[in-house]
Amino acid sequence: MARMGEGDKRWIVEDRPDGTNVHNWHWAETDCLEWSRNFFKKTLSDQSLLNGEGNLFIKINKVDKLDGEAYVNIRKGKIIPGYELSLVVSWEGEANDSDGNSVLKSEGTVEIPYISDENADEDPELRVTVKDDGPIGKRLKEAFLAKGKPFVLEQVRAYVSAMANGGPAKEELEVKKVAKKTAAAGSGDEKAVAAAAPVVEKKEVVKKEKKKEGFKTITMTEKFSCGARYLFEILMDENRWKGFTQSNARISKEVNGEFSIFNGSVTGTNVELQEGKLIVQKWRFGSWPDGIHSMVRLTFDEPEPGITIVKLVHSDVPEEDRYGNATVVENTERGWRDLIFHKIRAVFGFGI
């Protein structure tokens, strides 16, 4: 083993004088704990949830505590978030009688003991307490569970999404991406540019290339031990979606109707529906660049009673999201396999 400073210089990693992390080859870690505190303080402070409905007033006051760790690693443009947090939020409630007179005022807390990147696809455990344990206090707690719990979990999901997109490092990544594109646009041999085709023709060529490149098609074939019509109904029924994905869903069963699944992470419209035979939909993920939609085509074939073959063709899936992460196709394919097809088998017992 060579001593410090010796050996082949081609294999010695040295700090650049300008401090540049070339191509983001090395890990670039950003501490996100304070940013996380500010995120939740902004979204979970002074929020009115009920304002007289049923003679009840419910309000989230502030974030009392956020402990743990949070960071974002970026290497070669890939975002890798990590966080383990515990969150405590205070709230207050008031119950009035039919004449508008206050009957009870009480305070409470919301505790989420574990928010983790390991469970990013699941809602965390949430504990709600109220200081008054009488019947009116219990009524206030039930009202908070009905109105406040979904609101708090929505902010947690927004945080998870923000961290997946880079958190406080997102702006830095976008600046680097823009700078890279600008530098590429300004490079090249001047003589070659002068000898190139007219500017108008060049723009047309670039536009055609963009349409062909940067998108992929996902194809999958899955087998289920159930009838095709029943499987079709599961995929088009929002209550069953909520059941096997454990997330919110709104699904229209009409052509040109809209849908929203996975807590709003995926939205789109129905293009063509043939019961038990075909589902064609436009899909869009919230993290995709603006204006980009993909096309999902699910065909159902029942070669024998009680056995269904589903063929998926998911076309026009962008290779990168709006932040330059090149894992969109991989994540989308894994989502179809693990979060939809495998979950349907496990929950409804359609395994082969």
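**Note on the largest cavity and strands β9 to β11**

1. In this predicted model, the largest cavity has a lining to which α6 (228–236), β9 and β11 each supply at least two residues. Of the contributors, β11 gives the most, with three residues.

2. The search of the whole structure finds one cavity of 30 Å³ or more. The space in the largest cavity comes to about 90 Å³.

3. The residues lining the largest cavity are L235, M236, W241, I251, F259, I261, I279, Q281, W283, L298 and W336. Sorted by class, 10 are nonpolar, one is polar and none is charged.

4. Strand β9 covers residues 258–261 and runs antiparallel to β10, residues 266–274, with four bridges joining the two.

5. T267 has R284 as its bridge partner in β11. Three residues separate β10 and β11 in their hairpin, where the turn residue G276 has a positive phi of about 75°.

6. A point on the strand lining: in a regular strand, side chains alternate between the two faces of the sheet. The lining of the largest cavity includes F259 and I261, and also I279, Q281 and W283.

How values were computed:
Residues are numbered from 1 along each chain as its sequence is written. This is a predicted model: local features need pLDDT of at least 70, side-chain atom pairs count only at pLDDT 80 or more; totals for chains, interfaces and linings use all residues. Side-chain values use heavy atoms; hydrogens and water are left out. Two strands pair if DSSP finds at least two bridges between them. On a 1 Å grid over the protein atoms alone, a cavity is a set of points where a 1.4 Å probe fits but cannot get out, and a pocket is an open set with protein on both sides within 12 Å along at least five of seven lines; lining residues have an atom within 4 Å of a point. Grid points are joined across faces, edges and corners, and a volume is the space filled by probe spheres set on the points. Ala, Val, Leu, Ile, Met, Phe, Trp, Tyr, Cys and Pro count as nonpolar, Asp, Glu, Lys and Arg as charged, and the others, Gly among them, as polar.
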